[in-house]
Amino acid sequence: MFKALSLLPAVCLLAAAALAASADQAARRPPATKAAAAFRPYAPDPAHPVSAAQLDALGRRLFSDPALSASGQLSCASCHSPAHAYGPPNALATQPGGKDGAQPGVRAAPSLRYLQNVPPFSEHFRDNDGNDSEDAGPTGGLTWDGRAGSAHEQAGLPLLAANEMANRSEEEAAERLRRSRHAAEFQRLFGQDIFKEPRRAFAKAALALEVFQQNPREFYPYDSKYDAYLRGQARLSAQEARGLRAFNDPAKGNCASCHVSRIGEDGAFPSFSDYGHIAVGAPRNAGLPANANPAYFDLGLCGPYRADLKQHAEYCGLFRTPSLRNVARRQAFFHNGVFHDLRQVLRFYAERDVRPEKWYPRGQDGRPAKFNDLPAAYRANVNMEPPFGGKPGGKPAFGERDIDDMLAFLKTLNDGYRPPAGRAKS
Ligand code: HEC
Ligand code: HEC
C-alpha cells in the first residue's frame, strides 16, 4: 500500500492533501442541498480572513513553481500544462516524476479542466435524490480510479501521512515554501509564525492550490465552439453536426451514453462524462516500464493504487470515464496512454470486437489476446454495450466517414473558441 502510494508523483501528494483541507472546510459549511462535488467551495475561516481571491492568486503561483517538488524540477504545470487545457504538454504515455524527476509514471496525466462537478466516489451512484432513480454503479472521485476526494480517501489520508515518506514530504514541502519566493506572502496571509507549524503551512499551500483549481476562467471556461452552439451563438458545420449525430446515435457511436453531450436537467452544460467507472478493455501498453513485469496489472478500482475495493473482482479493470472536452489537444489516450492518435481511439471503439486482431497481440493459441491488460479472470468485466459487442469478422459499429465526422465534432470541444469576426449571432 505504501509502496503503491509512493509511486504517485510527489507533488500530487499536495493535491491529495488539498482534498483533505477541503474536507476540513466542508465541516464548517452548511450542509449542501445537492450532491456534493469532489472540489468544495472555499469558506473563509472567520478567525483568519483570507479571501478566495488571495488564495487563488497564491495557488496560481504555487501551481507553476518547481521549487515545491522534491526534485526541484517539477511543478503541477509540468504534467497539467495550462497551455494544454491543464493536460500533459507532450505525447508521452505517462509523465516522469518522483524524487529525482526521472521515475516513470504509471498512468496518463489527466486534464484538470471540468472536474468541478465530479461527485465524491460512490459504489452505488444515483443521479437524483428520488428513490426511483437507477443505481448507476461505481461513479466519481478524483483520479482514474476515483480514490481521492471521497469519505474513504479522507480517512485514508492519515495513513498516507503516517507513511514515512509522506511525513517527510510535508515538512520538506513546508521547508521549501519557507525558502521560496512565496515565504513573505505566506506570512502576510497566514501569520508571521506560519512556518513554525510546517503542517499548517503545507495545508495552506494545498488549500491555495485547491482554490486555484476552482478558478472558472482557468478550469471551466465553457468557451468551446460547442458551448457557443449550445448558447445559440454559433452554428456547427455540416460535418461537425453529422459528427455530433454519430456521437449521440445509439446505433453508431453511442458515445453520449457515457460521455454526456446534452445540457442537464439542472441547466448545467455537459462535461462529456457521466463520471461512471467502466472497463473498455484498452490494450496493454508495452511501452510502460511497469508493464515489463508480466504479473503487474493496473486494475483501476480494484487496485493496486486504491486498496479498499480489492475484494471486488467485478470492479477490476474499471476506470473513471474522462471528460472529452479538449481531448483533441491530447497526444496520449486512455489511463495507460496506449494510444497517441485520436483517430486510433475512435477506430478502437468501432473495431475492438469485430477486428480484435488489429488491437491485441496474438496469444499462445494464435488467437487475438483480447483485453490483454487484464488477467483472464476479469475480462468478463469489460463493457459489451454498443458500440462494442460485435462478432469477430462482423461490421464495425461505424465507419471511416463517421470517424472523420466525429473527429471534426470533437474539435468543437476545444476551449478558446472565438466566433469569426463580422458574423452576427444567428
Ligand atoms: C509527474 C506528473 C504530475 C505532476 C507533477 C502532478 N500531477 Fe496531478 N496527476 C498526474 C497523474 C498521472 C494523475 C492521475 C493519477 C491516477 O489516476 O492515479 C493526476 C491526477 C491529478 C488530479 C485528479 C484529476 C482527475 O481527473 O480526477 C488532480 C486534481 C491533480 N492531479 C492535481 C495536481 C496538482 C495540484 C499538482 C501539483 C501540486 C499535480 N497534480 C502534479 C500527474 C501529475
Ligand atoms: C460505456 C461507456 C463509454 C462509451 C459508450 C464510450 N466511452 Fe469513451 N471512455 C470511457 C472510459 C471509461 C474511458 C477511459 C478508459 C480507460 O482509460 O481505460 C474512455 C476514454 C475515452 C477517450 C480517451 C480520453 C482520454 O483522456 O484519454 C476518448 C477519446 C473516448 N473515450 C471517446 C469516445 C468516443 C468517441 C465514444 C463513442 C464512439 C466513446 N468514447 C464511447 C467510457 C465510454
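1. A residue is called buried if 20 or more other C-beta atoms lie within 10 Å of its own, exposed if 12 or fewer, and partly exposed in between. By that rule R352 is buried, because 27 other C-beta atoms are found within 10 Å. The model discussed here is a predicted one, and the same rule is used in several of the points below.

2. Where does R352 lie? It is in the loop between helix 12 and helix 13 (356-359). Leaving aside residues up to four places away in sequence, R352 touches G281, W359 and F388. There is also a pairing in space to check on screen: R352 and G390 are 38 residues apart in sequence, yet their C-alpha atoms are 8.4 Å apart.

3. For the protein chain as a whole, the secondary structure comes to 14 helices and two strands. The chain has 426 residues, and buried residues make up 42% of them. If one takes the contacts between residues at least 6 apart in sequence, 68% join residues at least 24 apart.

4. The largest nonpolar core has 57 residues, and A205 and A208 have the most contacts inside it. Several helices give two or more residues to this core, including helix 3 (52-63), helix 6 (164-179), helix 7 (183-190), helix 11, helix 12 and helix 14. Helix 8 gives the most, with 10 residues. Another core lies apart from this one; it has 15 residues, among them I278, F297, L301 and L374.

5. Is helix 8 largely enclosed or largely open? Of its 15 residues, 12 are buried, so the helix is largely enclosed by the rest of the structure. The buried residues run from A201 and F202 through to V211 and F212, and they include K204 and E210.

6. The surroundings of ligand 2 come next. How many residues surround it? There are 26, and the closest are G253, C255, C258, F334 and H335. By class, this shell has 17 nonpolar, seven polar and two charged residues. Helix 12 (residues 342-351) supplies the largest share of the shell, four residues.

7. F334, one of the residues closest to ligand 2, has a backbone angle to look at. Its phi is near 75°, a positive value in a residue other than glycine. F334 lies in the loop between strand 2 and helix 12.

8. Is Y222 buried or partly exposed? With 18 C-beta neighbours inside 10 Å, Y222 counts as partly exposed.

9. The bond from G303 to P304 is cis, with omega near 0°. P304 is found in the loop between strand 1 (277-278) and strand 2 (319-320). The bond from P386 to P387 is cis too, with omega near 10°. P387 lies in the loop between helix 13 and helix 14.

Terms used: Residues numbered from 1 in each chain as written. Chains lettered and ligands numbered in written order. Predicted model: local features only at pLDDT ≥ 70, side-chain atom pairs only at ≥ 80, totals over all residues. Near = placed C-beta within 6 Å. Nonpolar A, V, L, I, M, F, W, Y, C, P; charged D, E, K, R; others polar. Contact = placed C-beta atoms within 7 Å. Core = buried A, V, L, I, M, F, W, Y, C linked by C-beta atoms within 7 Å.
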